[in-house]
Amino acid sequence: MFFLTIKKEIVHNILSFRFIVTYALLFCLVLLAIFLMTDEYGKRLEEYNRAVGKERQWLEKVENMEDPNEQFQEVQRASFVGSRRPKNLSILARGLEGNLPTQVNAGSWGRFIQTSEDRLSKNMLFDIFQTPDFVYVINIVMSLLALLFVFDSVCGEKEQGTLKLLLSNSVPRDIVLIGKWIGGYLSVIAPFSVAALGGFTYIYISGNFVGSNDGIFRFFLIYLISLLYISAFFTLGLMISTLTHRTSTALLVALLVWICWILVVPNLSPVLARLIAPVPSRQVIDGEKQAIDKETQLLIEGINKRKVYGDEAEMERIQSAADKRKNKLEEFYQDRMRSQMSLSQNLARVSPSASFLFATTRLAGTGPVLYRFFQQAQEKFSEAAQQFQRSMYTQDLVEWSPQGPKVKDPDWFKADNLPHFEMFEERIGDSFNEALFDILLLVIYNVLFFMLSYTFFLRYDAT
Amino acid sequence: MLEILDLSKHYGDVKAVQDLNLTIEGGEIFCMLGANGAGKTTTLMVSLGFTEPTAGTVKICGVDVTRDPLEAKKHVAYVSENVMLYGNFTARQNLDFFTKLGGRKGVSDDEYNQVLQRVGLQTDAFDRRVKGFSKGMRQKLGIAIAIMKDAEVILLDEPTSGLDPKSAAEFLQLLAELRQEGKAIWMTTHDIFRAKAIADRVGIMVGGNLMRIFSQAELEQEDLEQIYVEYVSRPVEEAA
């Protein structure tokens, strides 16, 4: 009887018009998203490879210079550029991939400039109408389709009159509900899985997973999380169906919940977090730092004027105190910012959509963690650049004469000593552990909705 | 086979059914007459276990519907006023699904064909999607489902309303055949003439009360139409 109800649901869905529409829509959207994002990733990778090639060419040129003094002058003139390799799984979940600079430039003596690709040279409308990625299609389209597939599953049968006939037989209600869930869910995920498999094949053939099983595992995990997310919306739709008695009411409720969870909650949570945990603006913090600098400068100027023994130590103390105050200010800013971000993340988790996005972008390596790793890499790169530049001007390496610098050691230049921009690559196990909280939330949403559906359906008035 | 004992169903202050006592034996057709809101359908819904009674019990083949609804439903088939089936399924697919749901396994295609022919469905409609069926065709398919379930008790809720005279006559002929097979049939209807023509006993229900039951002999002797009109014209309190 159990398999009979599942079979009936599947056949009933397959024979319906909406199944054909869903199938066609999903197949087109998922594949299109993957084609477009693969193309976009390919362009980013090309840009990255070009930048790396340029750097390699420059290194070769410097290495091939016979005169160490000329070599020194060439390195002295250079500004170190680090390139960020694009994430291959941004094909599935773009996340912050498009928002972070693709290159960082450590200027001379620690001056640090961030550069990004030349945005003005490309069509700005691409930023307004961004290419939908795989995760976007699931988050927006698939959640809606799952709801539309099931919103009338119970109330529609009541309205149509088949529920009375169905329940006039000796079939337990829980079997009917579970049969509806399994049959309906399989009908929804079948077209999605076919489309996802098509997308995976395309990514694999286009060589974006070559040499790494890591990417394949991550794809598979993202696919499983997507199934969990689709199931959450499907079960929610089933719950709405067991709560209402008319399809029109069910449709209205389903759309309302979808709008709230997909559009309102995730977009409103940063605003709410800003109100609950305000952070002073960057300008205010920078203004404060400038005020400290000004104050320090005045104090130092005052000390300089009086010219008393021991003033140097006093000036150092003042400078160090000012640096401490500035660091404290920066730490305060970063702490508040972290709290605000964490609060907005937690508020957004009221919606399964946010949990899904956090989990998938974590696995794709393009979520908020990309920004953190980028910042860390940027700091390291900056420090390494400063250290390298300082090491160039030590008296052990170079002697200064009116003709220019004279390098003492002809083999001073070693490419390995140059600063490298390297971003931390999180292992798949660690990414999964970090995403586990959001995955568990999705599981909880599933269980909660199903339990409520079950409770409502046991009391459902079939007449 | 169908035993209703002191059955009452109240919705707040509204007494939909009040102290109803009735027994229908196998090989009998019982027609319940009554205006809209008389409590006929409510009694059916309680008998099917969809609604719990306020008081009293309904037993089908000795099984209390409220205590053991799943066991009771094994012995009952239901045909509604407007049989609605899965529109995307063909007549055969619908019949197959509900037959299996009723607990019968290993039914051959021939058996399905025979029952569909028996209820008078045209052969070319067997494998057509039900969403294009007329009401008459759906009613026939509904009775085919009830036949295939082979239940001892058949509950029919105004099954002939909206049917053309030919289809209604064919439908009643089928009921007569099922009576011959020993089924206990309860049919609610507004149609006095058809009730008189087919029923072994006829009851009149007004305001949730079963006012009177006519035996076959009484039906032949008395003017059922006049008595029915008198009952339904009186205020409920007076009629009770």
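**View 1. Surroundings of Gly208(B).** Leaving aside residues up to four places away in sequence, Gly208(B) touches Lys15(B), Ala16(B), Val17(B), Gln18(B) and Gly39(B). This view, like the others, is drawn from a predicted model. Gly208(B) sits in the loop that joins β9 (201-206) to β10 (209-214) of chain B. Is Gly208(B) buried or exposed? With 25 other C-beta atoms within 10 Å, Gly208(B) is buried, because 20 or more such atoms count as buried. Lys40(B) is 168 residues from Gly208(B) in sequence, yet their C-alpha atoms are 7.8 Å apart in space.

**View 2. The open sheet of 4 strands in chain B.** The strands of this sheet follow the order β2-β1-β4-β5 (chain B), and their pairing is antiparallel. At the edges are β2 (14-24) and β5 (63-64) of chain B, each of which pairs on one side only. Strand β1 (residues 2-11) of chain B is joined to β2(B) by 7 bridges in the antiparallel sense. Across this pair, His10(B) faces Lys15(B), a residue of β2(B). Lys15(B) is also one of the residues that Gly208(B) touches.

**View 3. The open sheet of 6 strands in chain B.** Here the order is β6-β7-β8-β3-β9-β10 (chain B), with mixed pairing. The edge positions belong to β6 (76-79) and β10 of chain B; each has a single partner strand, so one side of each lacks a neighbour in the sheet. From one strand to the next the twist averages 20°. Strands of a sheet pair through backbone hydrogen bonds, either parallel or antiparallel. The pair formed by β7(B) and strand β8 (residues 184-189) of chain B is parallel and has 5 bridges. Within it, Leu155(B) has Trp186(B) of β8(B) as its bridge partner.

**View 4. The loop around Gly162(B).** Gly162(B) is found in the loop between β7 (153-157) and α6 (165-180) of chain B. How many other C-beta atoms lie within 10 Å of Gly162(B)? There are 14, and Gly162(B) is therefore partly exposed, as the count falls between the limits of 12 or fewer for exposed and 20 or more for buried. Glu81(B) is 81 residues away along the chain, and its C-alpha atom is separated from that of Gly162(B) by 8.7 Å.

**View 5. Chain B as a whole.** Chain B contains 10 helices and 10 strands. Its radius of gyration is 18 Å, close to the 18 Å that the globule rule gives for 240 residues, so chain B is as compact as a globular protein of that length. Taken along the principal axes, the box filled by the C-alpha atoms of chain B is roughly 55 × 40 × 30 Å. Of the 240 residues in chain B, 47% are buried. Among contacts in chain B with a separation of 6 or more, 70% link residues 24 or more positions apart.

**View 6. The side of chain B that touches chain A.** In this interface, 19 residues of chain B are in contact with 19 residues of chain A. On the chain B side, α2 (69-73) and α3 (91-101) each supply at least two residues. The largest share, 3 residues, comes from α3(B). Sorted by class, the chain B side has 10 nonpolar, 6 polar and 3 charged residues.

**View 7. The crossing of α10(A) and α13(A).** Helix α10 (residues 247-276) and helix α13 (residues 352-364) of chain A pack at an angle of about 75°, and their axes are 8 Å apart. At that angle α10(A) is roughly perpendicular to α13(A). Helix α10(A) contributes Trp261(A), Ile262(A) and Pro266(A) to the contact, and α13(A) contributes Pro352(A), Ser353(A) and Ala354(A). By class, this contact has 5 nonpolar, 1 polar and no charged residues.

**View 8. The β4(A)-β5(A) hairpin.** Strands β4(A) and β5(A) form a hairpin, with 2 residues between them. Strand β4 (residues 398-401) and strand β5 (residues 404-407) of chain A pair in the antiparallel sense over 4 bridges. Ser401(A) is opposite Gly404(A), which belongs to β5(A).

Key. Residues are numbered from 1 along each chain as its sequence is written. Chains are lettered from A and ligands numbered from 1 in the order in which they are written. This is a predicted model: local features need pLDDT of at least 70, side-chain atom pairs count only at pLDDT 80 or more; totals for chains, interfaces and linings use all residues. Two strands pair if DSSP finds at least two bridges between them. Two residues are in contact if their C-beta atoms, placed from the backbone, lie within 7 Å. Ala, Val, Leu, Ile, Met, Phe, Trp, Tyr, Cys and Pro count as nonpolar, Asp, Glu, Lys and Arg as charged, and the others, Gly among them, as polar. Axes are lines fitted to C-alpha atoms, for helices over the stretch in contact, and angles run from 0 to 180 degrees between N-to-C directions. Angles under 35 degrees count as roughly parallel, over 145 as roughly antiparallel, 65 to 115 as roughly perpendicular and the rest as oblique. The radius of gyration is taken over C-alpha atoms; the globule rule is 2.2 Å times the number of residues to the power 0.38.
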